[in-house]
Amino acid sequence: MDEIYNLQYTLFYSSILFLLIGFIGNVFVIRIVHKTREMHTPTNYLLVSMAVSDIVTILMWPLYFFVYWKFFCKLMELVQVCIMVSCITMTVLAVERYYAIMKPLRNGLRLREDNIKKAIACIWVASVVVCLPATFFKEWSETYETCIGPWTLYLNQGSKACVILDAVIYFILLAIMIYCYGSLIRGLYFTNTVCPDTDGERNSEKKKLVITFMLVTVAFSIGFIPTVVSYVIIPSGDGTTEVTLYAQPTFVADFVFVLSLCCNPFIYVFRSTNFKEGFKSVILCRNLQMHNEVCTA
């Protein structure tokens with residue numbers, strides 16, 4: 001058990017710098033969109049919502065190591081809510097881009113100024129509803145001196161059902177994203193059937209936007225899929241041997257996932273001129289001068 005605790009604290013202290021950078025980067029994303037009128041667009045509002053969920057997850061990460069009260073044990077379920085928010089938001093972005101580029105004449109699933117706030121509210125409410133049942137199974141254990149329940153090392157039957165249900169939802173959303181981006185990549189790069197009459201610069205901007213959102217999705221998936229798999233296959237923590245066997249890879253998977261939350265601001269900076277200029281402006285305390293880009297539309 002000493003090896004487990006040593007690994008826990010090693011990963012925690014190793015993650016502090018990355019968490020600080022990720023926190024600052026996501027705060028900058030929110031500030032840039034808030035302060036720049038040209039960036040008040042449905043797509044950027046979704047990115048802000050995802051930045052908020054990432055910030056909450058980053059701030060909650062230390063509680064995994066310092067949970068000593070039942071209140072904090074229940075509060076940790078907020079992390080799963082935020083993860084669900086990020087996953088649903090990325091799915092909404094994928095579907096919106098799919099309809100915007102593949103089926104531009106259909107406006108039913110397009111995000112606009114008049115419905116984006118309702119869409120974001122629905123995303124958060126849906127995430128809370130999906131994750132709420134797990135709260136009833138998560139509790140403090142005096143025996144193990146830690147939280148037990150869904151997304152922990154100790155699972156009862158109800159906890160296992162919650163974890164499997166969440167995992168199924170995550171992978172369904174991932175399948176939707178793969179289909180949307182797969183169709184876009186095929187049409188934009190291989191068959192050239194998407195926007196063939198669009199001028200070169202405009203078509204290039206659309207491709208750039210699709211790749212940007214794909215990178216965000218890939219970064220999230222690389223970090224989160226190992227975590228989901230590790231908690232789905234984990235057995236009930238009935239003995240020390242089982243915990244020792246599964247704890248270490250699970251902690252490493254959690255560590256990788258938290259680091260993946262720090263990637264989004266840097267992806268935006270490298271892929272978007274607007275965000276790049278925004279970061280420079282915040283750091284240098286100067287007025288923003290935005291360029292028109294598809295990624296802010």
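Among contacts (heavy atoms within 4.5 Å) in the protein chain between residues at least 6 apart in sequence, 72% join residues at least 24 apart. The model is predicted: local features need pLDDT of at least 70, side-chain atom pairs count only at pLDDT 80 or more, and totals for chains, interfaces and linings use all residues. Residues are numbered from 1 along each chain as its sequence is written, and side-chain values use heavy atoms, with hydrogens and water left out.

The protein chain holds ten helices and two strands, taken as DSSP runs numbered from the N terminus (helices H or I, at least four residues; strands E, at least two). Their order from the N terminus is α-α-α-α-α-β-β-α-α-α-α-α. Of the 297 residues, 51% are buried (under 20% relative accessible area; exposed is over 50%, partly exposed in between; 1.4 Å probe, protein chains only).

Helix 9 (residues 264-271) and helix 10 (residues 273-284) have axes that come within 5 Å and cross at roughly 110°. Axes are lines fitted to C-alpha atoms over the stretch in contact, with angles from 0 to 180 degrees between N-to-C directions. The two helices are therefore roughly perpendicular to each other (65 to 115 degrees; under 35 is roughly parallel, over 145 roughly antiparallel, the rest oblique). P265, Y268, V269 and R271 of helix 9 make the contact with T273, F275, K276 and F279 of helix 10.

N264 also lies in helix 9. This residue is buried, at 6% relative accessible area. Leaving aside residues up to four places away in sequence, N264 touches M50, D54 and V216.
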